[in-house]
Amino acid sequence: MIPVTGAADAAPVSLAGKTCLVTGANGGIGAATAAHFLALGARVLATDLGPDFVGAPDTPASVREAIDYRPFDLLDPKGLEACCAWISEQCPQVVFNNAALFDMGSVLDADLGQYERLFGLNVRALYAVMQAASRALVAASQPGSIINMASQAGHRGEALVAHYCASKAAVISYTQSAALALAPHKIRVNALSPGVIDTPMWEQVDALFARFEGKAPGQKKREVGEAVPLGYMGRPHDVARVAVFLASEQSAYITAQTLSVDGGNVLR
Ligand SMILES: NC(=O)c1ccc[n+]([C@@H]2O[C@H](COP(=O)([O-])OP(=O)(O)OC[C@H]3O[C@@H](n4cnc5c(N)ncnc54)[C@H](O)[C@@H]3O)[C@@H](O)[C@H]2O)c1
């Protein structure tokens, strides 16, 4: 038998001993990812707008109770500052930088108010969270893995989705710059680009497309699911599993990348 260097590392994935932070933890993808991190042995810190960690409808009470949840409004400067102070104190080795807002409009009607909200959360808060976590890790001489939430929308513009697409393109660029700056500190930074994932966000997306494109309620959601090469909309756990991979040592040699989790939607 030929000895394979590092084969012993090909053990089942474990996040034991790691502290993992999830933002947007009450959303579809955030709740699934927090539960996956917990199931793999991590200590999980979670934040969102509401007073408590709610999780997915099927999240057991034991999971809800095990998660250290703090509410912060990341669009509010004081909320963002308080969240960053918490991150500095807790020094999580894994950050799932996931909270975001969606909205629609073309260059003719998407105003600067929408820009402020989308860039305020999707880019400004994401950057501040990444900065607080990476500064804490560098100060503590600890390795880490930061996972920023991009989107297939970040890979090409869409006529009716000007600000959201641009905000996700910015996430991809910040991911690359941060990964290069933090590589000497053994902190990896990657992004995920989901395609269409069946979460509460899609109720809003579907309603907006109904308004902007005159579609019947539910029509856009059905159409995008049918158009995925694998034939269906992704589920939150499809993304959570890839987040686990990026959080774990299984992806130790991957940094500065944006991984698509989209059933084959975007070829690049
Ligand atoms: N669902 C999809 O099809 C899809 C596709 C591509 C990318 N994404 C991205 O995945 C991530 C998660 O999306 P999701 O589908 O789970 O959406 P979601 O709407 O279910 O979750 C987003 C969460 O962000 C939280 N949030 C909103 N405003 C906030 C604020 N001011 N401060 C703190 N938290 C706030 C919401 O309360 C919500 O729980 C987002 O970054 C989204 O852009 C989703």
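Trainee: Which residues in helix 4 and helix 5 meet each other?

Mentor: In this predicted model, the side of helix 4 is formed by Gln114, Tyr115, Leu118, Phe119, Asn122, Val123, Leu126, Tyr127, Met130 and Ser134, which meet His163, Tyr164, Ser167, Lys168, Ala170, Val171, Tyr174, Ala178 and Leu182 in helix 5. Sorted by class, the contact of helix 4 with helix 5 holds 13 nonpolar, five polar and one charged residues.

Trainee: Why are helix 4 and helix 5 called roughly parallel to each other?

Mentor: The axes of helix 4 and helix 5 (residues 162-182) cross at roughly 15° and come within 9 Å. Angles under 35 degrees count as roughly parallel, and helix 4 and helix 5 are therefore roughly parallel to each other. The hand of the crossing is a separate matter, and for helix 4 and helix 5 the crossing is right-handed.

Trainee: What makes helix 1 and helix 8 oblique to each other?

Mentor: Helix 1 and helix 8 (residues 236-247) pack with their axes 8 Å apart and at an angle of about 50°. Roughly parallel needs an angle under 35 degrees, roughly perpendicular one of 65 to 115, and roughly antiparallel one over 145, so that helix 1 and helix 8 are therefore oblique to each other. Helix 1 passes helix 8 in a crossing that is right-handed. On the helix 1 side the contact is made by Gly28, Ile29, Ala31, Ala32, Thr33, His36 and Phe37, and on the helix 8 side by Pro236, His237, Val239, Ala240, Arg241, Ala243, Val244 and Ala247. By class, this contact of helix 1 with helix 8 has 10 nonpolar, four polar and one charged residues.

Trainee: In what order do the seven strands form the open sheet?

Mentor: The order is 3-2-1-4-5-6-7, and the pairing is parallel. Strand 3 (68-71) and strand 7 (258-261) each have a single partner strand and stand at the edges, so one side of each is left without a neighbour in the sheet. On average, and with direction ignored, neighbouring strands of this sheet are turned by 15° against each other.

Trainee: How many bridges join strand 1 to strand 2?

Mentor: Strand 1 (residues 19-23) and strand 2 (residues 43-48) run parallel and are joined by five bridges; at least two are needed for strands to pair.

Trainee: Which strands does helix 4 lie across?

Mentor: Helix 4 (residues 112-139) lies across strand 1, strand 4 (94-97), strand 5 (144-149) and strand 6 (187-194), and runs at about 180° to strand 5.

Trainee: How many residues surround the ligand, and which are the closest?

Mentor: There are 25 residues around the ligand, the closest being Gly24, Gly27, Ala100, Thr199 and Met201. Helix 1 (28-39) and helix 6 (201-213) are the elements that give two or more residues to this shell, and helix 1 contributes the largest share, three residues. By class, the shell around the ligand divides into 15 nonpolar, eight polar and two charged residues.

Key: Residues are numbered from 1 along each chain as its sequence is written. This is a predicted model: local features need pLDDT of at least 70, side-chain atom pairs count only at pLDDT 80 or more; totals for chains, interfaces and linings use all residues. Helices (H or I, at least four residues) and strands (E, at least two) are DSSP runs, numbered from the N terminus. Axes are lines fitted to C-alpha atoms, for helices over the stretch in contact, and angles run from 0 to 180 degrees between N-to-C directions. Two residues are in contact if their C-beta atoms, placed from the backbone, lie within 7 Å. A crossing is left-handed if the near helix is turned anticlockwise from the far one by less than a right angle, and right-handed if clockwise. Ala, Val, Leu, Ile, Met, Phe, Trp, Tyr, Cys and Pro count as nonpolar, Asp, Glu, Lys and Arg as charged, and the others, Gly among them, as polar. A residue is near a molecule or strand if its C-beta atom, placed from the backbone, lies within 6 Å of it.
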